[in-house]
Amino acid sequence: MPVDFLTSVFFDGPEIIPYWDEIKHYGPTVIPIISTIAGLKYYFRGSTNIWERDLHGKVYIITGGTSGIGQQIVNELGHRGAQLILLARNTNDLWLAEYIEDLRDGLNNNLIYAEQCNLSSLYSIRKFATKWLDNQPPRRLDGVICCAAECIPRGKQRVNTVDGVESHIAINYLANYHLLTLLEPSLKVQPPDRDVRVLIATCSSINLSDKIDSDLLWEKKQYPSQQPWKIYGYSKLLVGLFAKEFQNRLDQYERKDKSPCNIRVNLVNPGLVRTPSTRRFISMGSILGLFLYLLFFPIWWLFLKSVFQGAQSFYFGIMAPIIMKIEGGQIIQECKIQTKVRKEFDDAVLQKEVFDKTEKLIAEIEKKSAINRKKIELQTKTKEELIKEEQRKKNLNVKPETNEELEYKLQ
Ligand SMILES: NC(=O)c1ccc[n+]([C@@H]2O[C@H](COP(=O)([O-])OP(=O)(O)OC[C@H]3O[C@@H](n4cnc5c(N)ncnc54)[C@H](OP(=O)(O)O)[C@@H]3O)[C@@H](O)[C@H]2O)c1
């Protein structure tokens, strides 16, 4: 058919093309516009992962799997048969139950679960990690994908978590630090022939961040409500330095079987993606902003990636064989390893300093939060409940529920 048509055009002239007069009239203006749009769309879609990997039987923990890029990754890995444990802030949520059910049905994969782990609470993270580590024999773990993040729009006030930490720093940095360091024994115990890949989402906003200073958790500095990308970028820079030092420590660990380190911790920069957090950021969390966002949607459609495109570098991080052949602590962007990075990424002394300092800060925060929790608990409990609990605590025939109780009984 196209050959017939082209032959006719060749012999009878272009006048036989339908709407030839309109094409002749508007073509010189419209064709360059369409070509430019197509060119821009093609360019901004970014790179596509070309690697394939059978994920049946593999187990991944993923944060932020309920929205945006994380949700896309869950779909892809679930489709490939991986067992997925989504860390969600509230497992009693009806929406979450339906979401997991839909995923299982849609992907024909019953190995998708949600576990309670609110990343804005260090205690919640510890509870999840303790439960995970309690499994005997240790559970299989092929990777941890850290996609969850906090991104507060411009003009909003500082938000603190239950631990009293600024929420960008708490969720984008401390939560990843705490989760991964607590899961470290589970990562290390995996057999030597297993690739264990940890991916942490990063962002180009690290280039907008100021240098790391002594006020690591932004306790004394004023919250930059007019330039929130500064604190967002700072939190991403901190988590980047953590990834480098964490990898360094994993590399130094000597396995009992003397095999080399089989864990790679890398950062992934997805580029600018149309996700709920981007929409909230652009619309500045207001109805008018949302209206403007929708009005200018063609611009976002043209210049921002879809979640499918944004997830490609994560797939590269999970599937590309090269990841296990080179050192960890890399930044993956556009399905490539970035070579031009901020100079802090080459500063091993700073990375160690930040890691050690954060360890101490987390211990202090956890202690303070435990005291606060206890106070609130005591205020809300009735006298009868307290007596019952005390009896249970003292009774050596009852299995202790917390580390605190265990210590009490041992004493
Ligand atoms: N979008 C971009 O343009 C872009 C650019 C560069 C880097 N990134 C990075 O890519 C990652 C994914 O971004 P995204 O835009 O796809 O994010 P998103 O759509 O806003 O999703 C954020 C996810 O984090 C979860 N989360 C937030 N706070 C949590 C908490 N306290 N406990 C548990 N989960 C929590 C959310 O859970 P709920 O569903 O419960 O809210 C949600 O699943 C982020 O790390 C982001 O920094 C994104």
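Modeller: Let's go through the core, the ligand shell and a pair of helices.

Modeller: Keep in mind that this is a predicted model.

Biologist: Fine. Which residues in the largest nonpolar core touch the most other members?

Modeller: They are Ile62, Ile73, Leu84, Ile145 and Leu174. That core has 84 residues.

Biologist: And which helix gives the most to this core?

Modeller: Helix H8, residues 228-252. H8 puts in 11 residues.

Biologist: Back to Ile145. What does Ile145 touch, leaving out residues up to four places away in sequence?

Modeller: Ile145 touches Tyr60, Ile62, Ile73, Leu199 and Phe314.

Biologist: New topic. Which residues come nearest to the ligand?

Modeller: Of the 25 residues around the ligand, Gly68, Ala149, Ala201, Thr275 and Ser277 come nearest. Two elements give two or more residues to that shell: helix H3 (68-79) and helix H9 (276-282).

Biologist: How does the shell split by class?

Modeller: The shell has 12 nonpolar residues, 11 polar ones and two charged ones.

Biologist: Now the helix pair. At what angle do H8 and helix H15 pack?

Modeller: About 105°, with the axes 9 Å apart. H15 covers residues 348-380.

Biologist: Roughly parallel or roughly perpendicular?

Modeller: Roughly perpendicular, because angles from 65 to 115 degrees count that way.

Biologist: Which residues meet there?

Modeller: From H8, Leu238, Leu241, Phe242, Lys244 and Glu245. From H15, they meet Leu350, Gln351, Lys352, Val354 and Phe355. By class, the contact of H8 with H15 has six nonpolar, one polar and three charged residues.

Key
Residues are numbered from 1 along each chain as its sequence is written. This is a predicted model: local features need pLDDT of at least 70, side-chain atom pairs count only at pLDDT 80 or more; totals for chains, interfaces and linings use all residues. A nonpolar core is a set of buried Ala, Val, Leu, Ile, Met, Phe, Trp, Tyr and Cys residues joined through C-beta atoms within 7 Å. A residue is buried if 20 or more other C-beta atoms lie within 10 Å of its own, exposed if 12 or fewer, and partly exposed in between; C-beta atoms are placed from the backbone. Helices (H or I, at least four residues) and strands (E, at least two) are DSSP runs, numbered from the N terminus. Two residues are in contact if their C-beta atoms, placed from the backbone, lie within 7 Å. A residue is near a molecule or strand if its C-beta atom, placed from the backbone, lies within 6 Å of it. Ala, Val, Leu, Ile, Met, Phe, Trp, Tyr, Cys and Pro count as nonpolar, Asp, Glu, Lys and Arg as charged, and the others, Gly among them, as polar. Axes are lines fitted to C-alpha atoms, for helices over the stretch in contact, and angles run from 0 to 180 degrees between N-to-C directions. Angles under 35 degrees count as roughly parallel, over 145 as roughly antiparallel, 65 to 115 as roughly perpendicular and the rest as oblique.
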